Amino acid sequence: MNIRTTGRTATGPAAGPQAAPPALHVRDVTVRFAGLTALDAVSFTVAPGSVHALIGPNGAGKSTCFNVLSGLCRPAAGQVLLGDTDLTGLAPHRIAALGVARTFQNIVTTEGTVADNLMLGRHALSRAGFAASALRLPGAVREQRAHLDRVREIAELTGLGAHVDTPVALLSYGDRKRVELARALCLEPRVLLLDEPVAGMNGAERAATADVVRTVREQLGLSVVLVEHDMGLVMRLADEVTVLDFGRRLAHGTPDEIRRHPEVLRAYLGTGAPDETPEIQEALETPEAAETADPAETTKTTKATEPTDPTETTEETAVTEPPGENAP
Amino acid sequence: MSELVPKWGKLLLPALLLCALPFYLDAFWLRIGLFSIAAAIGAVGLGLLSGTAGQLSLGHAFFLAVGAYGYTWLAGDPGPALPPALAAVLAVLLAGAAGGLFSPVAGRVRGIYLGIATLALVFLGHHLLLTADSVTGGFNGRSVPPLTLGGFGFTADDPELTVLGVPFGAEERLWYLGLALFALTWFTARGLLRGRPGRALSAVRDSETAAAVMGVNVARYRSAAFVVSSMYAGLAGVLLALSFRRVVPDYFGLALSVDYLAMIVIGGLGSVAGATAGAFFVTALPLLMTRYADQLPLVAAPGTGGEGALGPTEAARYLYGAVIVVILLYAPDGLHGLSRRVRARLRPARSPDRPPSAPWPASAETSPATPARAKEHTP
C-alpha cells in the first residue's frame, strides 16, 4: 500500500515510513501573552527517531510550546525548523501536511464513529474535493476505501480494532484518549506531538499506551515529542528530556541526568533540599526496575506499583489544568 | 460496491411511489408536493451549512432569491433571454458566486454574529429586489419564463401530452423535474457528507483547532460550505420560481429564512433525510391548513375573518412553533434522530451496539463481533 506517501509527495518532500524523519529544531522560541512571557528563548532539538520528553510543573509552557510546534500559536521570536523547512508562521494545516501530528491534553474528538475520527486524520493524505465526493467519482470512492483499510490497520495497532464502528461518545475515557493518538497516527506523521497521552488513565491503560508509543516509534520510525506528568512513563520512554519552568529551559539531558539534576528537583518541589524530598525521588526512581524489562513485564510492574504509589494520586490531581489552556 | 445494493433497493420503492403520484393526485396536491421538494433542496443546502459546518445562517432567503430572480432575468425579457435550461444552470452558479462573495465575512465571524451578518443579506436583498426595477420588476415582481428542455416545455400545452389517459399539465411535468433535481440533491449531498469534505466540515464545526492540526484548511472549508449551500439554495430558488410562475420580493423575506432554519431543526441537524422531512412539514402544513380551514376547529377559512378565530397561516405557524419547542425539548436531534432511535428499538437484538447509520457499508462485516468482545482496558 503506497497511499501512505502519495499525499505527502503532493505537498512536500517524499517520506516513506522507513525513511528517517528530519530533525526538529526549536531555536530561541519566545511567546508572550500580554505581558506574560510563556516561553522565553527556549531551544531544543528532537533527534530523528527519538522520543523527546518535555516536562515541567503546571504553567511551565509545555502546551504553549506544542501550540507553537503545531502552528496554533505564533512565536514573537525564534524559529522552528523541520529538517530544512521553516515551520515558524506556517498555518496549522500546512504543518500537518508536512507530517507533524499532535494530540491534545483535553480530548478533542469530533462526532461520529472511531472510523470517522480516524479518517479525519487521513485528510491531508487524501485529495477528494467537493465535486468528486458529491458525484462519487470512482477515484474518490477508491481513495476512501483504500484509506479506510489503513485506518483499520492503525485502529488494530492502537488497540481500537473492536471499536472502529462505535460512536466516539460511547467510548470510555481511556479509549477516547487512544482515539486521539490513533487519529494523529493516521496522518502518517514524521513527528508526533503527544500532549499528556496517559493523563487520567489507569495503570493498565498507561502501560498499553506506552506500548503503542514504543511500537509505532520502532515500526514507523517517527520522532515523538512527549509532554507528560507521569514521570515513570517519561523516564521509561524518553531518550532525552527537556525541563521547562516558567517558560525557561531549566535543564536538558538524558533521563538519568535529569533525575539527578538539582535544579529540576527544586522546580518540582520548591526550595527544599533534594534529600528531603522523597516523593519526587520516588517518582523519578520507580521505573528503574522496569527500564530494561520487556513490555509484558512492564505492564505487570506498573500494575503492581500503581495502588501503593503515593505519587500517582498527586499527579492525577496535578494534571487537571484549566480546560482552555489548549486554545490558541 | 455490492454492499450498496440493498440500500438502493430500499430507496427504489419510495422513488416508484413518488413517480406514480401524478397519476392519482390533482394539481393542488402536486403543487404542494412541488413546493415541498423545492424547500427540501434548499433545506439540504442549509443543513450542510448550519448543521454540518456549524455556521448559523439567516440569509438563506437571499440565496434563494438570487436563484429565482437569476433564472427569471437570465431567461426572460428584459434580460439576455438565454435558453431557459442554460439560464437555470447559470442561476445556480450565480447563487454559488453570491455565497462565495459573502464568504470573506463568513470567514471572520462565528456563531450568533454570523447569524446577524447574514441577516443583513436578507434586508439588502429585499431592498435590491424592490428598487432594481429593470431587473426584478420591483414590488410587483416578474412572471417567470417557463422552462423548456430540447423542445419539451414544462407548461400546460407545449406539446400536448397525455400519459396513460392522464393529461400532463405544467404541474405533472414540473413534478418529474422536481423529483429529478431532488434525486440529484440527495445523491450529491450524501456523497459530500460521507466523504472527505463532510468529515472536514463536521470537524470544523466540532473544533476548528483539531480540524486545523489534522490538516484541514479551516478558512477554505468554511467558505466552501457557504458556496455549496448557496448553490443548493439557488437550485431551490429556480424550482420555486418555476412552480410559482411569478417571483415577488415579499416572498424572500426574513420569515422565509426562519422557515428554513425551522426545517433543519425539526428534521435534525446534519442529516439529508431529516432536512427533507422538515421541509415537507414546514412547507406543506400551512397549505394543507388553508385547504381544510373550514373543517378544522378554531381555524377560520381565509377571507371570512371569524371572531376570535385564527387564519390558517397563523394557525400553521403556531403549530410548527409548538412542534419546534416539543422537538427541542424531547428530541433535540429532530425527526431524523427520532426515527433512528425508533428503528434501533425495533431492530432485532442481534447487533445492539451497532450505530444505526453506520456511514460506510463495509462496516457491516466487523460490527456483529463488536458486542461479543469485551473492552480490554476498562478500569
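Before anything else, my terms: helices (H or I, at least four residues) and strands (E, at least two) are DSSP runs, numbered from the N terminus. This is a predicted model, where local features need pLDDT of at least 70, side-chain atom pairs count only at pLDDT 80 or more, and totals for chains, interfaces and linings use all residues. Residues are numbered from 1 along each chain as its sequence is written, while chains are lettered from A and ligands numbered from 1 in the order in which they are written.

**Helix 11, chain B**

I checked the length of helix 11 (residues 254-267) of chain B: at 1.5 Å a residue its 14 residues should span 20 Å, and its end C-alpha atoms are 20 Å apart, which agrees. The expected span is 1.5 Å times one less than the number of residues.

Is this helix enclosed or open? I call a residue buried if 20 or more other C-beta atoms, placed from the backbone, lie within 10 Å of its own. Ten of the 14 residues in helix 11 of chain B are buried, so it is largely enclosed by the rest of the structure. Among them are Tyr260(B), Leu261(B) and Met263(B).

**Strands, chain A**

I count two strands as paired if DSSP finds at least two bridges between them. Strand 1 (residues 24-33) of chain A runs antiparallel to strand 2 (residues 36-46) of chain A, joined by seven bridges. There I found Val26(A) bridged to Phe44(A). Two residues lie between these strands in the hairpin, where Ala34(A) has a positive phi near 40°.

Strand 1 of chain A also pairs with strand 4 (residues 77-82) of chain A, antiparallel over five bridges. Here Arg27(A) sits opposite Gln79(A).

Notes:
Buried ≥ 20, exposed ≤ 12 C-beta atoms within 10 Å, placed from the backbone.
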